[in-house]
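Q: Please take a close look at a single loop position and the segment before it. Then go on to other local features of the chain, with the cut-offs for each term.

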Amino acid sequence: MKILAILYKGGKAAVEEPRLLGTLENKLGIADWLKSLGHEFIVTDDKEGPDSVFQKELPDTDVLITTPFHPGYLTGDLILNKAKKLKLAITAGVGSDHVDLNAANEKKITVAEVTGSNVVSVAEHVVMDILLLVRNFVPAHEMIERGDWVVADIARNAFDLEGKVVGTLGCGRIGFRVLKRLVPFDCKELLYYDYAALPAAAEKEVGARRVEDLHEFLGQCDVITINTPLHEGTRGLVNKELLSHVKKGAWIVNTARGAIADRIAIKEALASGQINGYAGDVWDVQPAPKDHPWRTMKNPLGGGNGMTPHYSGTTLDAQRRYAEGARDILERWFNNEPQIPANVIVANGEYATKAYGQRK
């Protein structure tokens, strides 16, 4: 078979650190294995436009592998008009929104991802982002780098997490783990908004309360963490209108997908003080353009920005897990063995999961 992988360029770091498996240089650690089986394996980071390696190689590709960190956007147009031989699209990681899933169903392309491979990594990143926003960490560190020392300028917008109401918008594998990690901080209350209720035992374990009305949920939270997949129902969900229902001065952390939030609405809400901070590592276009407003946006006091490049789910530990998972998906595919059900997003022209919205 011909297997095409779209991975990010690691450069010197990938040469020095072979555990950076998700890179162009280290090829998920599967290049020699695939070659030994007689498969053609093409790896590139060139993914934009009709003249890219991605689009030139796609017509006779059997299996496409990409990551959420440098995604090859497999649009409906590409699926229907270029991906003539494609049978399997693998996400080495979690989140297959870079694939037009409806078009994949139409062409009966199987889409699979390594479910659970980065849930711990992302949940830890969320807690870090919550703390750096609430404690006003970034401006404090920038002050030290400048050589200044004006404690009052930082302390005027620094708070404790204890006693705050924290809610997760989406309470699946990551959202639940975020709540679990917040229990020791003695928050006033832990809330969640999700179309499906947690099992009673899980709710009891973290002491969380489900709020079924989204506006009511937003109005109660001091901190909101977004942990829902990107699909038709969540794209652009956090827009100007929705932000008007957020408790004034709340902090928002988004490590799910950048396109869930409207870039201009977030910038304006932060600049006006409607929200006190926005942090995360996901962008509506990746890599983000240099003039993206989220790179430089600030609250009225010059802080509130905790944005980073998309790396929460690609720690070295996560890379090992999603590289091993991608190999497992391929092995099962080559041997005509059933996939792990939790890894399958669409197959045989049907959705195999409700993670991408409620499906029949």
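A: In this predicted model, N136 sits in the loop between α6 and α7 (137–146). Helices (H or I, at least four residues) and strands (E, at least two) are DSSP runs, numbered from the N terminus. Residues are numbered from 1 along each chain as its sequence is written, and side-chain values use heavy atoms, with hydrogens and water left out. Because the model is predicted, local features need pLDDT of at least 70 and side-chain atom pairs count only at pLDDT 80 or more, while totals for chains, interfaces and linings use all residues.

N136 is not a glycine, yet its phi is positive, about 60 degrees. The residue is buried, with a relative accessible area of 6%. Buried here means under 20% relative accessible area, exposed over 50%, and partly exposed in between (1.4 Å probe, protein chains only).

N136 follows α6. This helix, residues 119–134, has 16 residues and spans 23 Å from its first C-alpha to its last, close to the 22 Å expected at 1.5 Å a residue. The expected span is 1.5 Å times one less than the number of residues. Of the 16 residues of α6, 12 are buried, so the helix is largely enclosed by the rest of the structure. Among the buried ones are V119, S121, H125, D129 and V134.

N336 also has a positive phi without being a glycine, near 55 degrees. It lies in the loop between α14 (316–334) and β13 (344–347). N336 is exposed, with a relative accessible area of 71%.

A positive phi is also found just after α13, where G273 takes a value of about 90 degrees. The buried residues of α13 (residues 263–272) are A265, I266, A269 and L270. They cover an arc of only 130 degrees around the axis, which puts them on the same side of α13; the arc is that of the directions from the helix axis to the C-beta atoms. The elements covering these residues include α12 (240–243) and β11 (275–280), where contact means heavy atoms within 4.5 Å. At the start of α13, a side-chain oxygen of D262 comes within 3.2 Å of the backbone nitrogen of I264. This is a polar contact: a pair of N or O atoms within 3.5 Å, where within protein one must be able to donate a hydrogen and the other to accept it, and residues adjacent in sequence count only if both atoms are side-chain atoms.

The loop between β11 and β12 (305–307) holds P287. A cis peptide bond, with omega about -5 degrees, joins Q286 to P287.

A search of the whole structure gives 6 aromatic pairs. One of them, W33 with F334, is tilted, at 5.9 Å centre to centre and 40 degrees between the planes. The pair links distant parts of the chain, W33 in helix α2 (residues 31–36) and F334 in helix α14, 301 residues apart. Both W33 and F334 are buried. Elsewhere, ring pairs link Y278, W283 and W294 into a cluster. Rings of Phe, Tyr and Trp (its six-membered ring) pair if their centres lie within 6.5 Å; planes under 30 degrees apart count as stacked, over 60 as edge-to-face and the rest as tilted.

From the record, UniProt places "domain: D-isomer specific 2-hydroxyacid dehydrogenase catalytic" (unreviewed entry) at residues 35–338. UniProt positions are in the numbering used here, feature names are shortened, and annotations may be inferred rather than shown by experiment. The end C-alpha atoms of residues 35–338 are 23 Å apart, and the span is 35% helix and 16% strand.
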